[in-house]
Amino acid sequence: MTTATAAGAATAARPATLAQALTRALRDAMAADPAVHVLGEDVGALGGVFRVTDGLAAEFGEDRCTDTPLAEAGILGTAVGMAMYGLRPVVEMQFDAFAYPAFEQLVSHVARMRNRTRGAMPLPLTIRIPYGGGIGGVEHHSDSSEAYYMATPGLHVVTPATVADAYGLLRAAIASDDPVVFLEPKRLYWSKDAWDPEEPTPVEPVGRAVVRRPGRSATLVTYGPSLPVCLEAAEAARAEGWDLEVVDLRSLVPFDDETVCASVRRTGRAVVVHESGSFGGPGGEIAARVTERCFHHLEAPVLRVAGLDIPYPPPMLERHHLPGVDRVLDAVGRLQWEAES
Amino acid sequence: MTVLEQRGTYRPAPPPAWQPRTDPAPLLPDAEPYRVLGTGAADRADPGLLRTLHARLVTGRRYNAQATALTRQGRLAVYPSSTGQEACEVAAALVLADRDWLFPSYRDTLAVITRGVDPVQALTLLRGDWHTGYDPYEHRVAPLSTPLATQLPHAVGLAHAARLRGDDVVALAMVGDGGTSEGDFHEALNFAAVQRAPVVFLVQNNGFAISVPLAKQTAAPSLAHKAVGYGMPGRLVDGNDAVAVHEVLSDAVRHARAGGGPVLVEAVTYRLEAHTNADDATRYRGDAEVETWRGHDPVDLLERELTRRGLLDEDARRAVREESEALAADLRARLHEDPVLDPMDLFAHVYAEPTPHLREQRELLRAELAAEAEANADAEAQAAPEGATR
């Protein structure tokens with residue numbers, strides 16, 4: 001994709017990683033608003049284990065980018081108090097499965113405080129969580145925990161899949177007056193796109209999906225780490241004569257029924273693809289919503305391609321768990337094409 | 001040179017120097033709970049403070065009795081009484097300046113109203129017409145927290161934020177003996193000490209976590225001793241001695257405000273009533289124990305002192321009684337009125353803007369309410385005698 005910049009003569013776009021775009025978003029948000037504070041484990045001198053907070057402590061001081069004790073409930077709980085006092089904390093949870101100690105704070109306080117106080121005490125909080133597998137991580141480093149957060153009213157849940165979205169969505173999350181669980185696909189941290197850090201993406205409000213690849217045969221509905229898989233599958237599907245449309249949700253809550261359903265009404269077929277398990281996972285909700293709204297446009301049941309419903313496997317076996325191109329194409333093949341003729 | 005020849009020349013490096021990071025001695029609580037009433041120190045207590053504490057304690061006792069009665073009448077869904085703990089409740093609110101913050105747990109509505117919150121608004125959670133009935137920013141009182149100890153990190157974060165902003169604000173966070181077993185208690189105290197946040201943690205050790213006595217909760221010498229492990233001072237006080245609690249908490253607030261960091265105060269008290277109206281305390285404790293504590297009642301202790309000092313004449317007694325009864329009468333009158341509920345409020349504050357799927361559900365409920373209203377109107381029309389005129 002980096003060669004695409006050749007066309008735009010004036011642009012300073014060059015290959016940037018998703019992690020770099022996140023860092024830039026944090027830096028710009030901190031520069032724009034002194035109320036923005038970053039806190040978490042190893043976010044200071046080290047710059048975070050994925051280096052997303054690189055340089056922030058040096059630039060803004062340790063009071064703005066703070067290494068905390070190693071205690072996730074304490075990190076999120078103190079961030080709640082900071083938000084109560086008018087700050088705009090951005091919390092880093094080091095890994096998906098290490099965010100679970102903060103679950104009670106998230107569910108019992110973060111998600112409810114606005115509602116509990118009839119709007120008097122909103123909590124403008126961003127909770128950054130690296131999630132998903134595919135990086136060879138050992139146990140507890142690869143969970144797809146989005147279904148827990150989606151099932152909690154009061155939270156927004158967003159996840160970027162591109163470098164530009166990493167910047168735009170994180171700025172939007174920090175600007176939001178509601179708590180946002182910001183899920184960072186860790187296997188895409190080092191993925192590159194042409195991106196101009198001096199003219200970053202415009203910041204859109206959270207909640208809109210986007211069609212990443214137009215197509216006519218069927219819709220792949222996906223997000224985060226599965227987007228590249230779906231785009232690759234769509235390319236491979238051309239050989240089978242299928243022209244697949246790929247929708248990147250970007251936001252799981254709010255859910256963009258409009259964009260998803262418009263696509264499915266055009267194509268008549270849909271497959272939801274995610275790493276999270278299928279049983280009780282996001283795909284079930286998405287399939288139900290699509291079916292409820294687009295039943296008469298559907299040529300086949302909505303299918304799900306998901307991680308297996310097992311505890312996350314050890315790294316040497318994770319390729320069997322993660323939805324890959326073949327599993328996506330198999331599902332597309334099962335969309336009752338023969339019934340068409 | 002052979003390996004054998006090297007033998008004897010090897011000198012291990014000395015271990016890195018070690019010394020305790022803090023001297024634990026000044027952090028240790030006293031061996032006995034600190035007391036003022038009934039000791040020589042009582043003579044030094046300020047008459048004005050004694051009168052204020054007395055008025056608030058007597059009114060607080062009446063408030064507890066009235067709220068409990070309203071629960072029996074079905075006007076509150078549940079009421080966790082602080083009868084017997086009024087000294088802690090009142091002192092916690094009185095030691096704070098206006099700009100300070102109070103972080104109560106669910107049993108602390110008396111502290112909340114002593115801080116100035118309207119009693120009916122303070123009881124909203126327990127009445128059940130909403131969760132928090134007051135604007136936390138009006139009197140700087142956080143919402144009553146039902147999940148145990150989870151409000152403590154909030155107090156730390158708020159106090160830390162205030163300090164970062166250069167504001168002279170102290171947070172006082174209340175928790176019970178059972179709450180000290182929760183992970184959030186540990187994390188909050190640790191964060192507060194590391195960040196030197198101006199927080200006062202008040203543990204009301206009332207003897208029981210619902211039915212479980214303290215001995216099954218901790219093996220620590222006292223709950224105040226837990227402070228030492230975090231590097232903050234622990235203070236042990238007789239929680240039924242209003243003057244002592246007021247003094248210890250005032251000192252702790254002063255210490256925190258001056259930049260000395262957090263303080264943990266354990267106030268030893270007793271829950272004279274059951275956990276809530278739904279609890280049966282006879283299943284886990286004997287009358288004799290309760291009677292012993294009734295002999296150490298916070299209101300009586302204070303009255304004895306005022307009487308001894310000649311600070312409580314009949315006029316003063318009458319004034320306090322009238323104030324208490326006025327509060328109780330106001331509570332009865334306002335809580336006997338049915339609250340006005342709007343079911344559409346259920347969607348109003350989940351997010352700043354409702355999500356599309358919440359908007360759909362809001363319309364569903366609106367349609368259900370309209371159908372319900374129509375059915376009620378039809379039923380009324382049918383119930384009315386045909387041709388009846390008015």
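Predicted model: local features only at pLDDT ≥ 70, side-chain atom pairs only at ≥ 80, totals over all residues.
For a closer look, take strand 6 (residues 156-158) and strand 7 (residues 180-185) of chain A, which pair in the parallel sense over 3 bridges. Within that pair, V157(A) sits opposite V181(A) of strand 7 of chain A.

**How confident is the model?**

The overall scores are ipTM 0.94 and pTM 0.94. Chain A has an average pLDDT of 94, with 96% of its residues scoring at least 70. One stretch to treat with care is residues 1-9 of chain A, where the pLDDT is below 50. Even so, that stretch has 11 contacts in the model beyond near neighbours in sequence. For chain B the mean pLDDT is 95, and 97% of the residues reach 70 or more.

In chain A, UniProt lists residues 16-191 as "domain: Transketolase-like pyrimidine-binding". In chain B, the record places "domain: Dehydrogenase E1 component" at residues 62-339. Here is how the two spans come out in the model:

| Span | Distance between end C-alpha atoms | Helix | Strand |
|---|---|---|---|
| Residues 16-191 of chain A | 8 Å | 36% helix | 17% strand |
| Residues 62-339 of chain B | 23 Å | 47% helix | 11% strand |

**A second sheet in chain A**

Chain A also has an open sheet of 5 strands, in the order 9-11-10-13-14, again with mixed pairing. Strand 9 (210-213) and strand 14 (303-307) of chain A have a single partner strand each, so one side of each is left without a neighbour in the sheet. From one strand to the next, the twist averages 25 degrees.

The partner at the strand 9 end is strand 11 (residues 244-248) of chain A, and the two pair in the antiparallel sense over 3 bridges. Here V211(A) has V247(A), in strand 11 of chain A, as its bridge partner.

**Where the chains meet**

How many residues does each chain put into the contact? Chain B brings 33 residues and chain A brings 36 residues. On the chain B side, helix 7 (136-139), helix 8 (151-164), helix 9 and helix 16 (356-383) each supply at least two residues. The largest share comes from helix 8 of chain B, with 10 residues.

Most residues other than glycine have a negative phi, and most peptide bonds are trans. A few spots in this model go the other way.

The peptide bond between V253(A) and P254(A) is cis, with omega at about -5 degrees. P254(A) belongs to the loop between strand 12 (251-253) and helix 9 (257-267) of chain A.

H140(A) is not a glycine, yet its phi is positive, about 70 degrees. You can find H140(A) in the loop between strand 5 (126-131) and helix 6 (146-150) of chain A. H140(A) counts as partly exposed because it has 13 C-beta neighbours inside 10 Å.

Chain B has a case too: R196(B), with a positive phi near 50 degrees. R196(B) is in the loop between helix 9 (183-195) and strand 3 (199-205) of chain B.

E289(B) is part of helix 12 (residues 287-294) of chain B. E289(B) counts as exposed because 12 other C-beta atoms lie within 10 Å. Its C-alpha atom is 22 Å from that of A31(B), a residue 258 residues apart from E289(B) along the chain.

Note on methods:
Residues numbered from 1 in each chain as written. Chains lettered and ligands numbered in written order. pLDDT = per-residue confidence, 0-100. Contact = placed C-beta atoms within 7 Å. UniProt positions renumbered as here; feature names shortened; annotations may be inferred. Helix = DSSP H or I, 4+ residues; strand = E, 2+ residues; numbered from the N terminus. Buried ≥ 20, exposed ≤ 12 C-beta atoms within 10 Å, placed from the backbone. Pairing = 2+ DSSP bridges. Axes fitted to C-alpha atoms, helices over the stretch in contact; angles between N-to-C directions.
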